[in-house]
Amino acid sequence: MTAENISICKAEISTAMASTASETDLDFKTVRGNSRVQTLSFEIDADGQTDTVKCKVRRDDTVEVVWGKSVKPKMAKAVKAEETTAAGE
């Protein structure tokens, strides 16, 4: 189970960092948790900056990545939707 979660997290982190860093090195460090939620810690080196990234994998295969302070993926530009309201008719 842990080996599968490591590969899931590595794929998720690598996909998120693909547009941000040209070179990314990801090393697995620790695992905590049980069969419900496992928290895996990775050390990431992206273009010379080193940080810690945590990845939470839940039993239903939901993956949540918690980024460190210095290494984060670039966020896509948000599109603001315009909301129109009609007066009571």
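Helices (H or I, at least four residues) and strands (E, at least two) are DSSP runs here, numbered from the N terminus. Keep in mind that this is a predicted model, where local features need pLDDT of at least 70, side-chain atom pairs count only at pLDDT 80 or more, and totals for chains, interfaces and linings use all residues. Residues are numbered from 1 along each chain as its sequence is written, and side-chain values use heavy atoms, with hydrogens and water left out.

Let's stay with the helix. Its buried residues are Asn5, Ile6, Cys9, Ile13 and Met17, buried being under 20% relative accessible area, exposed over 50% and partly exposed in between (1.4 Å probe, protein chains only). Looking down the axis of helix 1, you find these buried residues within an arc of 105 degrees, so they line one face of the helix. That arc is taken from the directions from the helix axis to the C-beta atoms. Over on the other side of helix 1, Ala3 and Thr15 are exposed.

Now for a residue in the strands. Cys55 sits in strand 3 and is buried, at a relative accessible area of 0%. Leaving aside neighbours within four places in sequence, Cys55 is in contact with Cys9, Gln38, Thr39, Leu40, Phe42, Val63, Glu64 and Val65; contact means heavy atoms within 4.5 Å. Take Val65: ten residues from Cys55 in sequence, yet the two C-alpha atoms are 4.5 Å apart in space.

Phe42 turns up again in the one aromatic pair. Rings of Phe, Tyr and Trp (its six-membered ring) pair if their centres lie within 6.5 Å; planes under 30 degrees apart count as stacked, over 60 as edge-to-face and the rest as tilted. The rings of Phe28 and Phe42 have centres 5.7 Å apart and planes at 65 degrees, so this pair is edge-to-face. It links distant parts of the chain, with Phe28 in strand 1 and Phe42 in strand 2, 14 residues apart. Phe28 is partly exposed at 31% relative accessible area, whereas Phe42 is buried at 1%.

Finally, charges. The structure holds one salt bridge, meaning a side-chain nitrogen of Lys or Arg within 4 Å of a carboxyl oxygen of Asp or Glu. The partners are Arg58 and Glu64, with their closest N and O atoms 3.4 Å apart. Arg58 is partly exposed, at 32% relative accessible area, and Glu64 is partly exposed too, at 34%.
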